[in-house]
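Subject: Structure handover

Hello,

Please find the structure below, with the sequence. My notes on it follow.

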Amino acid sequence: MVQLKTIDLFAGIGGIRIGFENAGFETIYANDKDEKAALTYGANFGDIDVASLFDVVSERGMKRIPKKFDILTGGFPCQPFSIAGYKRGFADKGRGDLLFAVIEILKKRKPVAVFLENVKHLMHHDDERTYKRIEDEFRRAGYYIKGQVLNSMQFGNVPQARERIYIVAFRDPRKLMKFRFPDPLELTRKMSDILEKNVDPKYYYTSENKIIYPKLKEAVKFRDRFYQYRRVYVRENSRKGTCPTLTASMGTGGHNVPIIRDLKGIRKLTPRECARLQGIPESFIFPEGMSDIHLYKQIGNSVSVPVVARVAEEIRAALEA
């Protein structure tokens, strides 16, 4: 079996890389401009090119991008397209317009396939004009695309309700016809499968926190479900044992970090537990001394590895058909 080569753009901590390597691909280049995420990536995979993708593309001949690879992958910035943000889309300079740097790479390097991940709302942003423009830009670059929203708990067997759009493109339209997104799976992983046994006391809320603790004590009643502190109120996840979507804002001001009640009290999830909800393997290294704030952000910004791996397997099947 030929080992197809990928480049890992907007690499973050390497979730897409893990998924594709689990499906038998080889990563030969990685890029991300977030220096803290790059430290985590480097601890697990080695070299990563830390720079804005615009800077990489603007260099003469894009000399930092390998001349030959098979698949371009990337979870390009989602904030400009998120229903929770300002929704500025392509007008969000330095984030929303980074997709055009990807298009330039496709025009110059012509890989056989593309894999992209973003928030669900990308498909509906600006009355669906944004997604239509993506289709048009890809077509002008010589690619045919297909996108579908997949929920991690239905397609990745992880107990996290995380809906994301996955976009796959091929230069050969016949390969696109061969490609299909994976079928749903039965959710067998439980809340208890991701929880740690001995948790550092620093993750527990106490009466010393006079603002948050009274609200948590009143709202967090059950041990079989997840909760979230949403700045001014506590939200209970109605589906037992399923965590709400992990976000990049976790850890900042106590906002959005999933909360549970266990035998010792009320606490937030640890970074390792959040990583398990993304399907990130136990062997994954968190750099020593990295603050929880940065780890929560990096994990929330990452992807559901099992979903990526299943889509990658279907890409391989289409290419080998």
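The axes of helix H1 (residues 15-22) and helix H12 (residues 305-320) come within 7 Å of each other and cross at roughly 45°, which makes H1 oblique to H12. The crossing of H1 past H12 is right-handed. On the H1 side the contact is made by Gly 15, Ile 16, Ile 18, Gly 19, Phe 20 and Asn 22, and on the H12 side by Val 305, Val 308, Ala 309, Ala 312 and Ile 315. By type, the residues of this contact are eight nonpolar, three polar and no charged. Please keep in mind throughout that this is a predicted model.

One residue of that contact can be followed further. Ala 309 is found in helix H12. Is Ala 309 buried or exposed? Its relative accessible area is 8%, so Ala 309 counts as buried. Ala 309 touches Gly 19, Asn 22 and Ala 23, leaving aside residues up to four places away in sequence. Gly 24 is 285 residues from Ala 309 in sequence, while their C-alpha atoms are 9.3 Å apart in space.

Next, the nonpolar cores. The largest one has 32 residues, and within it Leu 9, Leu 53, Leu 72, Ile 105 and Phe 138 touch the most other members. Which elements each supply at least two residues of this core? They are strand S1 (5-9), helix H3 (53-58), helix H4 (99-109), strand S4 (113-119), helix H5 (129-140) and strand S6 (163-170). H4 gives the largest share, six residues. Apart from this core lies another, of 27 residues, which includes Leu 277, Ile 280, Leu 295 and Val 305.

Leu 9 has a list of contacts of its own. Not counting residues up to four places away in sequence, Leu 9 touches Tyr 29, Asn 31, Leu 53, Leu 72, Thr 73, Gly 74, Gly 75, Val 102 and Ile 105.

H4 deserves a separate paragraph. The buried residues of H4 are Leu 99, Ala 101, Val 102, Ile 103, Ile 105, Leu 106 and Arg 109. What do the buried residues of H4 pack against? They pack against S1, H3, strand S3 (71-74), S4 and H5. Just after H4, Lys 110 takes a positive phi of about 55°.

H4 and H5 form another helix pair. Their axes come within 10 Å and cross at roughly 20°. An angle under 35 degrees counts as roughly parallel, so H4 is roughly parallel to H5. H4 passes H5 in a right-handed crossing. Leu 99, Phe 100, Ile 103 and Leu 106 of H4 meet Arg 133, Ile 134, Glu 137 and Phe 138 of H5. The residues of this contact divide into six nonpolar, no polar and two charged.

Now helix H11 (residues 292-301). Its buried residues are Leu 295, Tyr 296, Gln 298, Ile 299 and Gly 300. Among the elements that cover them are helix H2 (35-45), strand S10 (265-268) and helix H10 (271-277). Where is Thr 247? Thr 247 lies in the loop between strand S8 (234-236) and strand S9 (258-262). Thr 247 and Phe 181 are 66 residues apart in sequence and 24 Å apart in space, C-alpha to C-alpha.

Last, some backbone details. Most residues other than glycine have a negative phi. Phe 10, although not a glycine, has a positive phi of about 50°. Phe 10 sits in the loop between S1 and H1, and at 14% relative accessibility Phe 10 counts as buried. Asn 157 also has a positive phi of about 50° without being a glycine. The loop that holds Asn 157 runs between helix H6 (152-155) and S6. Asn 157 has a relative accessibility of 18%, so Asn 157 counts as buried.

Regards

Technical notes:
Residues are numbered from 1 along each chain as its sequence is written. This is a predicted model: local features need pLDDT of at least 70, side-chain atom pairs count only at pLDDT 80 or more; totals for chains, interfaces and linings use all residues. Side-chain values use heavy atoms; hydrogens and water are left out. Axes are lines fitted to C-alpha atoms, for helices over the stretch in contact, and angles run from 0 to 180 degrees between N-to-C directions. Helices (H or I, at least four residues) and strands (E, at least two) are DSSP runs, numbered from the N terminus. Angles under 35 degrees count as roughly parallel, over 145 as roughly antiparallel, 65 to 115 as roughly perpendicular and the rest as oblique. A crossing is left-handed if the near helix is turned anticlockwise from the far one by less than a right angle, and right-handed if clockwise. Contact means heavy atoms within 4.5 Å. Ala, Val, Leu, Ile, Met, Phe, Trp, Tyr, Cys and Pro count as nonpolar, Asp, Glu, Lys and Arg as charged, and the others, Gly among them, as polar. A nonpolar core is a set of buried Ala, Val, Leu, Ile, Met, Phe, Trp, Tyr and Cys residues joined through side-chain atoms within 4.5 Å. Buried means under 20% relative accessible area, exposed over 50%, partly exposed in between (1.4 Å probe, protein chains only).
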